[in-house]
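Q: I'd like to learn how to read a structure like this one, feature by feature. Can you walk me through it?

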Amino acid sequence: AAQEVAEQRVALLSELEEHRRQAATQRAVLERNLTTVQRRSVSEASNLAQLQAELVAAEHRAAEQQEQAGMREQRHEQWASAYHRVVAELREAREAEASAASQAFDGASVEQLKADLVDARYE
């Protein structure tokens, strides 16, 4: 019976040693996987930080472009307003000039008609 107990003890110790080797192997595999996951996490965190920086830069550029577009639109509106004002002033000046020319022509025509009548009388 003592020998049977000794054989069972050896078998159990052998089985225990096999479980320890398997556990060590599994631990090594898990540690490698953990290291890989940690490296990926660091890499992904770095990529995320880079993407966030690019997003901030893109938002900044978009805000600048929107501001520039607003300034261009404001300048265009100012230019259009000035253009319409100048066109209206030119129209008024032409109308005033045409009116003055018409009145001068009418006055000259009346004077010419009077002169022609006077000349016709003396002929």
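Q: Let's start with a side chain: is Arg 21 buried, partly exposed or exposed?
A: Buried means under 20% relative accessible area, exposed over 50%, and partly exposed in between (1.4 Å probe, protein chains only). Arg 21 has 45% relative accessibility and so counts as partly exposed. Bear in mind that this is a predicted model, where local features need pLDDT of at least 70, side-chain atom pairs count only at pLDDT 80 or more, and totals for chains, interfaces and linings use all residues. Residues are numbered from 1 along each chain as its sequence is written, and side-chain values use heavy atoms, with hydrogens and water left out.

Q: Which residue does Arg 21 form a salt bridge with?
A: Side chains of opposite charge can pair when their charged atoms come close. The rule here asks for a side-chain nitrogen of Lys or Arg within 4 Å of a carboxyl oxygen of Asp or Glu. Arg 21 pairs with Glu 18, with 2.6 Å between the closest N and O atoms. The two sit three residues apart in helix α1 (residues 2–122), so about one helical turn separates them. Glu 18 is partly exposed too, at 33%.

Q: How many salt bridges does the rule give?
A: The count is two. Arg 27 and Glu 31 also form one, at 3.0 Å from N to O. They lie four residues apart in helix α1, about one turn. Arg 27 is exposed at 57%, while Glu 31 is partly exposed at 41%.

Q: How many aromatic pairs turn up in the whole structure?
A: Rings of Phe, Tyr and Trp (its six-membered ring) pair if their centres lie within 6.5 Å; planes under 30 degrees apart count as stacked, over 60 as edge-to-face and the rest as tilted. The search finds one pair. Trp 79 and Tyr 83 have ring centres 5.4 Å apart and planes at 10°, so they are stacked. They are four residues apart in helix α1, about one helical turn. Trp 79 is exposed at 55%, and Tyr 83 is partly exposed at 44%.
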